[in-house]
Amino acid sequence: MSTVMSAVPSPVPAAPPRRRFRGSRLLAGAALAGLLALAGTPSALAQTTAPQTTAPQSTGPQPPPALSGPVTLIHAGTLLAVPGEKPVTQQTIVVRDGKVAEIRAGFAQPADIQTPDAQVVDLRDAFVLPGLIDSHVHIIFELGPDSQLRSVTDDPERSILDGTVFAERTLMAGFTTVRDVGSSARTGVALRDAIAAGKVRGPTLLVAGQGLAVTAGHGDINGFNEKVTEALSDSRINVCDGSDTCRQAVREQVRRGADLIKLSATGGVLSQIAAGTGQQMFDDELRSIVETAHLMGRKVAAHAHAADGINAALRAGVDSVEHGSYLDDESIRLFRQTGAYLVPTLLAGKTVVDMANRPGVMSPAVKRKALTVGPMMQRNFARAAKAEVKIAFGTDSGVSAHGINAQEFKLMVEAGLSPMDAIRAATVNAADLLGIADRAGSLEPGKDADIIAVSGSPLENVTALETVDFVMRRGAVHKMDGRRTPFEPKG
Ligand SMILES: [Zn+2]
């Protein structure tokens, strides 16, 4: 796929140009990629192009929207603006101030919108769709044979530097928003804020802080000797037993900047304890967490494998069940009754099975759980999808490598979802689950210009999404022709 950007100056004088044509003309040709070294916020476009111009930069509130701010015209050969609806051909997305301002039929030129210095992105050979959303990642962590050791050798400072690398990989894979459902202390919060400020390149992050767990449960400190366990205990503000301490645990995470609350309703595959994958939180603990989180305007994501834990979490009113490996008929009924989402994380299931089959990677306790849970995940996801349970895309990246998130699509389709429904899970549905449907998940006027493009139609072959050629986040181009553009941090 070839993408060429050009700026076509209009002979029609528009409103007083805030940037001179010279800047626009320089955008043609090889200099272009450099100029697109945009930070993660809309105003970055104006700031990045500033050295090419002498026009003053506006800093205060913007005057009339019609003629203000940097404008980009994206010529889309095929556009799937709202996944679930039919794609249309030959469209122009007008991007202004980092938002979708308008979508027009045909290929509009800068003169057509009275904005002569508008940039044009040529994606006439491409399939264009909203930026993807992954509802389940661990952005500062990546599983390896030494993960257990690294949890006591690496400081948070080192983890967060890893996180900046993972965040960039994730964005380059076409994921413009991800939900971090568990990181240590405030690392996720810090990374979220650095990306939002344009200092670090990455997707928009929503973070859970530390996931809540019960003593000895999934998410507590397991598998160390007593001295190490004791030494690590001051970081156990995420561990709660009984409804009162669970209330407090929610509030501690909110105080530290969490956008949502994650809890472990059941055991987990990767916890270093042979405690199975059954229910670990009592009903009153689950209820207390959900009520407190909702009171404070936070959604709740529940890690759950076994059916007893899935069903208890759904009855308590969680907003999503993560994994859902052993969901049963009652779970399906509860999903449909409550409207909660299932976040299947099939890629994690596949990854842990692959790891369990390699000698020396997993402890016996973990290996046993991995080999049982992995295949169940895929099988029961198929049942849930058939029963029209609401599905939001999530990979558990960090268990699998960051940047291969889109491999989840193939697994979803193999389990029986249509490519359109799989894409909808990663856009419209995920945005709804995350509570950001007013700004993400589809390309409509007023929403963030989070836009990606691939070669070929993912509706025919969903693996087309594994190779993303173009990435725009909030109006800033981060990838063009399959290559990352230079990035100039703000601040
Ligand atoms: Zn996870």
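Helix H6 (residues 187–196) is largely enclosed by the rest of the structure, because seven of its ten residues are buried. A residue is buried if 20 or more other C-beta atoms lie within 10 Å of its own, exposed if 12 or fewer, and partly exposed in between; C-beta atoms are placed from the backbone. Helices (H or I, at least four residues) and strands (E, at least two) are DSSP runs, numbered from the N terminus.

This is a predicted model: local features need pLDDT of at least 70, side-chain atom pairs count only at pLDDT 80 or more, and totals for chains, interfaces and linings use all residues. Residues are numbered from 1 along each chain as its sequence is written.

Which residues of H6 are buried? They are Thr187, Gly188, Val189, Leu191, Arg192, Ala194 and Ile195. Their cover includes helix H5 (156–172), strand E7 (175–180) and strand E8 (204–207). After H6 comes Gly198, with a positive phi near 80°.

Now turn to the sheet beside this helix. Strands E6, E7 and E8 form an open sheet in the order E6-E7-E8, with parallel pairing. Strand E6 (132–137) and E8 are the edge strands, and each pairs on one side only. Two strands pair if DSSP finds at least two bridges between them. From one strand to the next, the twist averages 15°. E7 and E8 run parallel and are joined by four bridges. Asp180 has Val207 of E8 as its bridge partner. H6 packs on the sheet and touches both E7 and E8. The direction of H6 makes about 155° with that of E8. Contact here means that the C-beta atoms of two residues, placed from the backbone, lie within 7 Å. Axes are lines fitted to C-alpha atoms, for helices over the stretch in contact, and angles run from 0 to 180 degrees between N-to-C directions.

Strand E10 (residues 299–304) runs parallel to strand E11 (residues 320–323), and four bridges join them. Ala302 stands opposite Val321 in E11. Between E10 and E11 the chain passes through helix H10 (residues 307–316), in a right-handed β-α-β crossover. Right-handed means that, with the strands pointing away from the viewer, the path from the first strand over the helix to the second runs clockwise. E11 is also joined to strand E12 (residues 341–343), in parallel, by three bridges. There, Ser320 stands opposite Tyr341 in E12. E11, helix H11 (residues 329–338) and E12 make a right-handed β-α-β unit.

Next comes a pair of helices. Helix H12 (residues 346–356) packs against helix H14 (residues 407–414) at an angle of about 95°, with their axes 8 Å apart. That makes H12 roughly perpendicular to H14, a term for angles of 65 to 115 degrees; under 35 counts as roughly parallel, over 145 as roughly antiparallel, and the rest as oblique. H12 contributes Leu346, Leu347 and Lys350 to the contact, and H14 contributes Gln407, Glu408, Leu411 and Met412.

One loop residue is also worth a look. Ala118 lies between strand E4 (99–105) and strand E5 (119–130). Ala118 counts as buried because it has 25 C-beta neighbours inside 10 Å. Its C-alpha atom is 5.3 Å from that of Thr72, 46 residues apart along the chain.

Finally, the whole chain. It comes to 15 helices and 16 strands. Of its 491 residues, 54% count as buried.
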